[in-house]
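Colleague: I would like a close look at one helix and its surroundings. Please take me through it step by step.

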Amino acid sequence: MKKISLIIVMFTLLATTAQEKIWNTFEGTRVLNNHSTEMLYKKDLEFRIEHKFGDLAGSNGGLKNFFGFDNLADVRFAFEYGATTNFDVGLGRSKGVNQQTEVIDGYVKYRFLQQEKKGVPVSLTVVSSMALPYRKASTDSTSSAYYQTPIERLIFTNQVIVARKVSDRLSLQLNVGYHHRNLVAANDVNGMLFTGGVIRYRFTQTFGVLTEYNHVWNRVSGNNQKNPLSFGVELITGGHNFTLVLSNGKALNENLFLSNTTSDWLKGQWRIGFSINRRFKL
Amino acid sequence: MKKTILFFVLLILTGVTLLSINDNVKSRFSLINKTNDLNDLSVLDVLLELGETKPNHYLMKTNQDSVRMGYEMVHFGQLKDKSNSRISKFFVCTDCHNQKKEVANLLKETPSERVKYGMVNDLPFLPASTFFGMYNKTHWYNGDYAKKYGNLVIPTRDSLDNAIQLCATQCSQGRELKEWEIRTIIHYYKSIEISVKDLNLNQSELNQLLTDLASHNNRSVELLKSKYNSINEATFGEIEPKQPDNYIPNLKVGEYIFKNGCMHCHSMGKNITNFEFDAENLTFSFLVSKLKKHNNYSVPYIVRKGTYAINGRKQYMPQYPLEKMSDTQLFDLINYIKSKK
């Protein structure tokens, strides 16, 4: 208890010592698929459109479906809102992937620390999100969508994200979290511990490249789940930014891509995606 | 019979009120018998005492509650108790207007004097006129503002109330102000109007003013009016300004304009504009790469042309008229940005 009190006091002291704050560690509230430490400004509303196409190469890709453009892996629309400077909420809807389709998701995000020029060395946010696939329950008792009660549909992801803007060009981020599905297939685990990393490098004021990787530590061996790895470029135009993604993950929400990525990079099962957002002042 | 009595009672009450008001004004000036006492007087009150006509927005005295409300409207866009809605979700007045004196000599509101005084006093270097002394101006939205706002400027030219309304609805892209809100802002303006001490009168001028006040001689009207600028002109410059002859870059001025002008709105975390930046290498490289372009990222273009509010993007940047930033200063800014690349 004493240790917890000490940590809280330390956080409070760090947060209340006024220093010049560091902004734009990342351009948006998301890196490529996962959250970043960035927050929306108070009373800003962001509308996001995210999209991932089919396999670029491999047996399901190539010229016959124009490198995946004929297929849709996942699509997500979301509204996110800066309730205060340090507290965001969001609500989204995505097509979903595998057994988890027709998904509504929501999240709350709180910034505990913001990096400062001479002071707090990192930004730290905590994100708690939840997803609800509302598809008709499967009649296959071995399926992860064999829902018997509404509670079984819920999926949760809680993560702590730490980031540092190393220079005006380079930003790094680490995230640690716990992902939980209430209902899983017989050969799977409900809870997953994961760690992720992000590198962002800006070549110019309006153009940068990004890499994002998330590693799940306790996957059950034998199932075909993979760790999502993504590369991307960002184009910033002011008011909105455009991100182009290359990823083996089909899903667009952390509640899905952590446990539902089954595509293998080495088999050419990677796909192009994009996200575009627009901010409004309310 | 009753109506006649009521009429006479009202007549007497009106007469008593007018007399008491007149006495009130007179008593303020009848106590002035030393030049030191003059300094705290409002210039407008002195002018009125000397026989000048009251402006439309004239207030006899400020009400402290109204001043506070006007202050809150100007600084926060709404009352602090949130009993009224925000004027604009995009801007507050202080994004474009200072609240303090911007020059040492109020007659010389020139770009070079603004920079000189602003650097010493660490003032924001903004495109619009300061609210200090706004109460003393006689015309608003002058000169080339007609090019930007068209006929909308016509009713504002002779009315501070209308100028405030245009600023709310067009400049800040907000809602129309209610009458009482405009009144509170004018009360606030009056609280930062020009006083005699701001005119830096010498002793003989103060003596003359004292004598003229005592004798109600309007000779000092001209003297007072010659000490401050009652109209802010606005001339829009060229988007490809010519470098002035014998120009020598002054990087200190450029740095001041960048930090106290550009960064006043564009620095990160302020959420005033869609284009935020910091004073880092990437920013300067980007701005240098756009210098020759004719778009919103080009410094000379945006400084001289600004942007316009459009559907879906109401936030816009007002341009700096030549009276606020000279071409020499614009070149200082450009050279500073180049030097930091």
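How many residues does helix H8 of chain B have, what should they span at 1.5 Å a residue, and how far apart are its end C-alpha atoms?

Modeller: Bear in mind that this is a predicted model. Helix H8 of chain B covers residues 179-191, which makes 13 residues. At 1.5 Å a residue, they should span 18 Å. The end C-alpha atoms lie 19 Å apart, so the two values agree.

Now the burial. The buried residues of H8(B) are Glu181(B), Ile182(B), Thr184(B), Ile185(B), Ile186(B), His187(B), Tyr188(B), Tyr189(B) and Lys190(B). They pack against two helices of chain B, H4 (64-76) and H7 (160-171).

Next, the pairing with H7(B). Two packed helices are described by the angle between their axes and the distance between the axes. H7(B) and H8(B) pack at about 110°, and their axes are 10 Å apart. That angle makes H7(B) roughly perpendicular to H8(B), because angles of 65 to 115 degrees count as such. H7(B) brings Leu160(B), Asp161(B), Ile164(B) and Gln165(B) to the contact. H8(B) brings Ile182(B), Ile185(B) and Ile186(B). By class, this contact has five nonpolar residues, one polar and one charged. An α-helix has 3.6 residues a turn, so residues three or four places apart point the same way. Ile182(B), Ile185(B) and Ile186(B) of H8(B) are in the contact with H7(B), and these residues are buried too.

Step back to the chain. Chain B is divided into domain 1 (32-102 + 130-233) and domain 2 (251-340). Their centres, taken over C-alpha atoms, are 29 Å apart. Nine residues of domain 1 of chain B and eight residues of domain 2 of chain B make the contact between them. On the domain 1 side, four residues are nonpolar, two are polar and three are charged.

Then the partner chain. Chain A gives 14 residues to its contact with chain B, and chain B gives 15. The chain A side divides into three nonpolar, six polar and five charged residues.

Asn253(A) sits in the loop between strand E11 (241-247) and helix H2 (254-257) of chain A. Asn253(A) counts as buried, because it has 28 C-beta neighbours inside 10 Å. Beyond residues up to four places away in sequence, Asn253(A) touches Arg76(A), Gly92(A), Ser94(A), Val103(A), Asp105(A) and Ala131(A).

Terms used: Residues numbered from 1 in each chain as written. Chains lettered and ligands numbered in written order. Predicted model: local features only at pLDDT ≥ 70, side-chain atom pairs only at ≥ 80, totals over all residues. Domains from an automatic or database assignment. Contact = placed C-beta atoms within 7 Å. Nonpolar A, V, L, I, M, F, W, Y, C, P; charged D, E, K, R; others polar. Helix = DSSP H or I, 4+ residues; strand = E, 2+ residues; numbered from the N terminus. Expected span 1.5 Å × (residues − 1). Buried ≥ 20, exposed ≤ 12 C-beta atoms within 10 Å, placed from the backbone. Axes fitted to C-alpha atoms, helices over the stretch in contact; angles between N-to-C directions. Parallel < 35°, antiparallel > 145°, perpendicular 65-115°, else oblique.
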